[in-house]
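Here's a quick briefing on the model shown below.

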Amino acid sequence: MSSERVDVSKQDLRPRWNALDSLLCGAFAGAVAKTVIAPLDRTKIIFQVSSKRFSAKEAFRLIYCTYMKDGLLSLWRGNSATMVRVMPYAAIQFFSHEQYKTHLGGYYGYQGKALPPLPRFLAGSLAGTTAAMLTYPLDMVRARMAVTAREMYSNIMHVFVRISQEEGVKTLYRGFTPTILGVIPYAGITFFTYETLKKLHSEKTKRSQPYPYERLAFGACAGLIGQSASYPLDVVRRRMQTAGVTGSSYVTILGTMREIVTHEGVVRGLYKGLSMNWVKGPVAVGISLTTFDITHSLLLKLHQMNYSTH
């Protein structure tokens, strides 16, 4: 009787541990990835919200001048806001992705197996949308901190307070629509590509799990394709998020796109900074997906060892 109770308690605990694992591993994966590419990310945002022409030379000149003027740590300005946003965002995204995969697998009759293409894309899109909806104001704050001087906003709470008092609470959700429209193809394509490459690799090599360097390569490919597909909407949301401090009047998605195209052109406007994204994006996504998979596997092994000892 007592052994039955022990078995039941183990079965009850296992799902909770799995859920907690996904949340913790997702938060850790997001933090590692974003910290690594923070200087490039900040530089990209600065160009996205300005009318200055982007080039690799100008981007690295900006990084160098920032370093010489304000020191090395200034290249990570806004990273605290990034961490506050990206850790819950990544945790929710990875956790919800696991949940959506499970539910869609059950619905389509693929429980415990690799999902077919459409559900694979849906799982990624729904995960990205869920995370973006729950953490959007933090993304707004991070964008503001990235493009302003330290004197304007001293910390994360100061950004929230000033925006709320001077521009209204609604401003915290400015750019929300293009964010959601962008995250649907971005998250869908990214997770779809990564899961597809892992599936094809498993079928070809007969190995259940790829090596870490293979995961990095798969994640890099996924990030490259996903970010390229949704990049114009990323530029639009950054313009709308920072309109209050740049003196611009970006209100609607189409109006913002029209103004960008009129003054800067399609490629130099809507795709400004994309080449830098091709450098930082695949690196960030590769590190994030690889870190999640590896840490999740390690925690799973630790739990299995713990269960076996009891």
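Let's start with helix H4 (residues 79-108): at 1.5 Å a residue, its 30 residues should span 44 Å, and the end C-alpha atoms sit 41 Å apart, which agrees. Keep in mind that this is a predicted model.

**Helix geometry**

- H4 does have a bend, of about 25° at Val-86, and a proline, Pro-88, follows within four residues.
- Just past the end of H4, Gly-109 takes a positive phi of about 80°.
- Now for helix H8 (residues 212-241): a straight helix of 30 residues would span 44 Å at 1.5 Å a residue, but H8 spans only 36 Å between its end C-alpha atoms.
- H8 also has a bend, of about 60° at Tyr-231, with a proline, Pro-232, following within four residues.

**Cavities**

- How many cavities of 30 Å³ or more are there? The count comes to three.
- The largest cavity has a volume of about 670 Å³.
- Its lining takes in 37 residues, and the closest to the centre of the largest cavity are Lys-34, Arg-85, Tyr-89, Tyr-186 and Gln-227.
- Several helices supply at least two residues each to the lining of the largest cavity: helix H1 (2-36), helix H2 (38-48), H4, helix H5 (117-147), H7, H8 and helix H12 (274-309).
- Which helix gives the largest share of that lining? H7 does, with eight residues.

**The second largest pocket**

- The second largest pocket has a volume of about 280 Å³.
- It is lined by 13 residues, and Arg-42, Thr-66, Lys-69, Asp-70 and Ala-149 are the closest to its centre.
- Helix H3 (residues 56-70) gives the most to the lining of this second largest pocket, with five residues.

- Thr-196 is found in helix H7 (residues 176-205).
- Is Thr-196 buried or exposed? Its relative accessible area is 17%, under the 20% cut-off, so Thr-196 counts as buried.
- A polar atom of the Thr-196 side chain lies 2.6 Å from the backbone oxygen of Phe-192.
- A bit of helix background: an α-helix has 3.6 residues a turn, so residues three or four places apart point the same way.
- Lys-206 lies in the loop between H7 and H8.
- Most residues other than glycine have a negative phi.
- Lys-206 isn't a glycine, yet its phi is positive, at about 65°.
- With a relative accessible area of 71%, over the 50% cut-off, Lys-206 counts as exposed.

**A contact along the chain**

- Leu-216 lies in helix H8.
- At 38% relative accessibility, Leu-216 counts as partly exposed, because that value falls between the 20% and 50% cut-offs.
- Leu-216 and Ala-284 are 68 residues apart along the chain, and their C-alpha atoms are separated by 9.6 Å.

How values were computed. Residues are numbered from 1 along each chain as its sequence is written. This is a predicted model: local features need pLDDT of at least 70, side-chain atom pairs count only at pLDDT 80 or more; totals for chains, interfaces and linings use all residues. Side-chain values use heavy atoms; hydrogens and water are left out. The expected span of a helix is 1.5 Å times one less than its number of residues. The bend at a residue is the angle between axes fitted to the seven residues ending there and the seven starting there. Buried means under 20% relative accessible area, exposed over 50%, partly exposed in between (1.4 Å probe, protein chains only). A polar contact is a pair of N or O atoms within 3.5 Å; within protein, one must be able to donate a hydrogen and the other to accept it, and residues adjacent in sequence count only if both atoms are side-chain atoms. On a 1 Å grid over the protein atoms alone, a cavity is a set of points where a 1.4 Å probe fits but cannot get out, and a pocket is an open set with protein on both sides within 12 Å along at least five of seven lines; lining residues have an atom within 4 Å of a point. Grid points are joined across faces, edges and corners, and a volume is the space filled by probe spheres set on the points.
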